[in-house]
Amino acid sequence: RIANCYYSEVQYDMCLITLEKAINMEPDWQSLLSMKANALFESGKTKEAIDQWDSIIDKFPDYVFAYNRRGWLKKGINDVEGAIEDYSMAITLDPEYAYAYVSRANMYEKQGNTELAKADYEKVIELEPTPDDYQVSMYAYQALGNIDKAIEVMDTLIARDSTSAGVYYDAACLYSIMH
């Protein structure tokens, strides 16, 4: 809990020190190890964060989020192939994980592989057919050129949870992508 406080106060060095103490007491506590990876990233230590996700995956090879998060970090350092591999593993472990499809599609686009990207975007839309299912399909609609539907999905998400910072973050991302 102390590490959480430091993390929320953007005191990542203190967070990491506190996490080390907690990890020494509970070396296999998945959420502590994950927080360490995130704190390493937030403190500008991307390589160390990726190494931490490697270690987490070694301990918990079925932890879907670990592959997704490591893929996101690899995307950030322009390791497109590595990101695709991680997103693909997340999808293998959880074929219903729409966010991994969107992320992998972005990487396929970066490679110029528009057919694979389109297939992943279409899969996201298939996974989120109704407003109750919406999570990330606004990105798929936008990428496929259906801007009105992307905005409709985003507006639905905001209406569903207007107090969530995450939904406004997604809105900012979507509108940024759309310029």
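These legends walk through an overview and several close-ups of one predicted model.

The model is predicted, so to speak of a local feature takes pLDDT of at least 70 and to count a side-chain atom pair takes pLDDT 80 or more, while totals for chains, interfaces and linings use all residues. Residue numbers start from 1 along each chain as its sequence is written, and side-chain values use heavy atoms, with hydrogens and water left out.

Figure 1. Helices (H or I, at least four residues) and strands (E, at least two) are DSSP runs, numbered from the N terminus. Read along the sequence, that gives α-α-α-α-α-α-α-α-α-α-α. The C-alpha trace spans about 50 × 35 × 25 Å along its principal axes. Of the 179 residues, 41% are buried (under 20% relative accessible area; exposed is over 50%, partly exposed in between, with a 1.4 Å probe and protein chains only). The accessible surface comes to about 9,900 Å², and 52% of that belongs to carbon and sulfur atoms; areas come from the Shrake-Rupley method with a 1.4 Å probe, and for residues only the protein chains shown count as cover. Take the contacts between residues at least 6 apart in sequence, and 38% of them join residues at least 24 apart; contact here means heavy atoms within 4.5 Å.

**Figure 2. The largest pocket holds about 640 Å³ of space.** Its lining has 19 residues, and the closest to the centre are Trp72, Tyr99, Tyr139, Tyr169 and Cys173. Helix H5 (64-76), helix H7 (98-111), helix H9 (137-143) and helix H11 (165-177) are the elements that give two or more residues each to this lining. By type, the lining splits into eleven nonpolar, four polar and four charged residues. For the bookkeeping, Ala, Val, Leu, Ile, Met, Phe, Trp, Tyr, Cys and Pro count as nonpolar, Asp, Glu, Lys and Arg as charged, and the others, Gly among them, as polar. A pocket is an open set of points on a 1 Å grid over the protein atoms alone, where a 1.4 Å probe fits and protein lies on both sides within 12 Å along at least five of seven lines; lining residues have an atom within 4 Å of a point. Grid points are joined across faces, edges and corners, and the volume is the space filled by probe spheres set on them.

**Figure 3. The second largest pocket has a volume of about 210 Å³.** At least two lining residues each come from helix H1 (2-8), helix H2 (12-25) and helix H3 (30-42). Among the residues on show are Arg1, Asn4, Thr18, Trp29 and Met35. The tally for this lining is seven nonpolar, three polar and one charged.

**Figure 4. Ser34 sits in helix H3.** Ser34 has a relative accessible area of 7%, so this serine counts as buried. Look past the neighbours within four places in sequence, and Ser34 is in contact with Trp53, Ile56 and Tyr63.

**Figure 5. Two residues, Thr46 in helix H4 (residues 46-59) and Phe60 in the loop between H4 and H5, share this view.** Setting aside neighbours within four places in sequence, Thr46 is in contact with Leu40, Phe41, Leu73 and Ile77. Thr46 and Asp13 are 33 residues apart along the chain, with 14 Å between their C-alpha atoms. Phe60 touches Asp28, Gln30 and Leu33, again not counting residues up to four places away. From Phe60 to Ile91, 31 residues along the chain, the C-alpha separation is 16 Å.

**Figure 6. Asn78 and His179 have positive phi values.** Most residues other than glycine have a negative phi. Asn78, in the loop between H5 and helix H6 (80-93), has phi near 70°. His179, in the segment after H11, has phi near 65°. His179 is exposed, with a relative accessible area of 89%.

**Figure 7. Thr130 lies in the loop between helix H8 (114-127) and H9.** At 34% relative accessibility, Thr130 is partly exposed. Val153 is 23 residues from Thr130 in sequence, and their C-alpha atoms are 9.5 Å apart.
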